[in-house]
Structure formats: structure tokens, C-alpha cells
Amino acid sequence: MVFYQLAANLFSPCFDCHPDDAAHADRSPRNKPRAVGNEVELAVSPLAGMRGAAGYHTSVLLGGEEFYFSPFGICCSHKITSHDSTDVKRTFMGTSDLSSKDILAALSDEFRPGSYDILRKNCNAFTDCCLMETPFWNVAEF
């Protein structure tokens with residue numbers, strides 16, 4: 001348990017994009033009907049070469065368009081391009097009235113080119129903030 005807490009502190013985002021945890025604790029779309037709007041999906045794939053440690057690459061799909069964070073800043077593509085693996089798990093998270101421009105406007109200042117940090121501000125931190133913006137729940141709860 002101590003290792004988990006240490007890892008959680010080490011790998012948590014170095015900025016605060018999370019509202020009060022109580023405010024979004026029960027917003028899971030798992031049992032809710034799909035509403036009109038852009039479908040939001042979480043894409044997760046395992047990273048290879050971690051030498052015994054588990055690591056994952058994550059991105060968000062909004063209306064089928066992929067958003068991910070890299071050393072070049074926020075990147076987007078009309079299909080999934082950031083996952084090297086064919087073992088990509090896609091999970092429907094809900095729907096959002098936000099557009100691609102809304103996501104970029106909300107997160108571009110925080111996720112600038114050159115601000116990528118492999119441990120503290122990586123694709124997983126971006127995905128977490130992106131899902132909070134759309135709004136959904138913390139990736140750690142997934």
C-alpha cells in the first residue's frame with residue numbers, strides 16, 4: 001500500500017485540473033443511456049519494454065477524432081494514430097457537447113509543446129484533464 005501511495009504521488013499531475021472529488025464522484029456513464037452529442041471514448045494500450053513494470057498509453061476520442069499529448073504538445077488525428085499496439089482498448093465514456101476547438105482552447109495553455117514530462121505531465125495526465133474537461137471522471141478511477 002505504501003508503494004501505491006508513493007507511486008500515486010510521484011505520477012500525479014504537476015498541476016491541478018481536478019475539481020473537488022465529491023463533485024464528480026458519481027458521474028459514471030456506465031449505466032446511463034447515450035445522449036445526443038459527440039461520443040467520448042478512452043483509448044488505452046500497453047507500453048512494451050517496461051522491464052517488468054506496467055505502463056499504458058492513453059488518449060481521448062471525441063466524435064472519433066483522437067486527442068493525445070506528446071513532446072510536440074496536443075496532437076489530434078481523424079483516426080487512432082498514437083497507439084503503436086494493435087491491442088487498443090476503447091471504452092465509451094459518454095457524450096459531450098464540446099467540440100474539438102473547445103478541447104484545444106481549454107487545454108492548449110497547460111499542454112504546450114515542450115512541456116511534456118515522462119513522469120509528471122504525460123499522455124495520461126492529458127487524458128485525465130481532457131476527460132475532466134468534457135466532463136467525466138478521473139482516469140485513476142477507471
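Residues 24 or more positions apart supply 67% of the contacts in the protein with a separation of 6 or more. Keep that in mind as you follow the chain. The model is predicted. The protein has 142 residues, and 38% of them count as buried.

Start with the parts list. The secondary structure amounts to three helices and five strands. Along the sequence they follow the pattern α-β-β-β-β-β-α-α.

The average pLDDT of the protein is 75. A score of at least 70 is reached by 65% of the residues. Among the elements, strand β3 (residues 65-70) has the highest mean pLDDT, 95. Helix α1 (residues 2-11) has the lowest, 44. Across residues 1-32 the pLDDT stays under 50. The model still gives this stretch 41 contacts beyond four places in sequence. Residues 137-142 also have a pLDDT below 50. They have 23 contacts in the model beyond near neighbours in sequence.

Now turn to helix α3. The buried residues are Cys123, Ala125, Phe126, Thr127, Asp128, Cys129, Cys130, Leu131 and Met132. What covers them? The cover includes the strands β1 (38-46), β2 (56-62), β3, β4 and β5. Helix α2 is also part of the cover.

Look at that helix pair more carefully. Two packed helices are described by the angle between their axes and the distance between the axes. Helix α2 spans residues 100-107, and helix α3 spans residues 123-133. Their axes lie 11 Å apart, at an angle of about 120°. The two helices are therefore oblique to each other. Their crossing is right-handed. Which residues meet there? From α2 come Ile103, Ala106 and Leu107. From α3 come Phe126, Cys129, Cys130 and Glu133. Six residues of this contact are nonpolar, none is polar and one is charged.

Begin between β4 (73-77) and β5 (89-96), where Asp84 is found. Is Asp84 buried or exposed? Its relative accessible area is 81%, and a residue over 50% counts as exposed, so Asp84 is exposed. Its C-alpha atom is separated from that of Leu47 by 8.4 Å. Along the chain, Asp84 and Leu47 are 37 residues apart.

Ser82 lies in the loop between β4 and β5 as well. Is Ser82 buried or exposed? Its relative accessibility is 14%, and under 20% means buried, so Ser82 counts as buried. Which residues does Ser82 touch, leaving aside neighbours within four places in sequence? Ser82 is in contact with His57, Ser59, Glu66 and Tyr68. Ser82 and Phe67 are 15 residues apart in sequence. In space they are 8.9 Å apart, C-alpha to C-alpha.

Gly55 lies between β1 and β2. Its relative accessibility is 11%, so Gly55 counts as buried. Ser45 is ten residues away from Gly55 in sequence. Their C-alpha atoms are 8.7 Å apart in space.

Notes:
Residues numbered from 1 in each chain as written. Predicted model: local features only at pLDDT ≥ 70, side-chain atom pairs only at ≥ 80, totals over all residues. Heavy atoms only, no water. Axes fitted to C-alpha atoms, helices over the stretch in contact; angles between N-to-C directions. Helix = DSSP H or I, 4+ residues; strand = E, 2+ residues; numbered from the N terminus. Parallel < 35°, antiparallel > 145°, perpendicular 65-115°, else oblique. Left-handed = near helix turned anticlockwise from the far one by under 90°. Contact = heavy atoms within 4.5 Å. Nonpolar A, V, L, I, M, F, W, Y, C, P; charged D, E, K, R; others polar. Buried < 20%, exposed > 50% of the residue type's maximum accessible area, 1.4 Å probe, protein only. pLDDT = per-residue confidence, 0-100.
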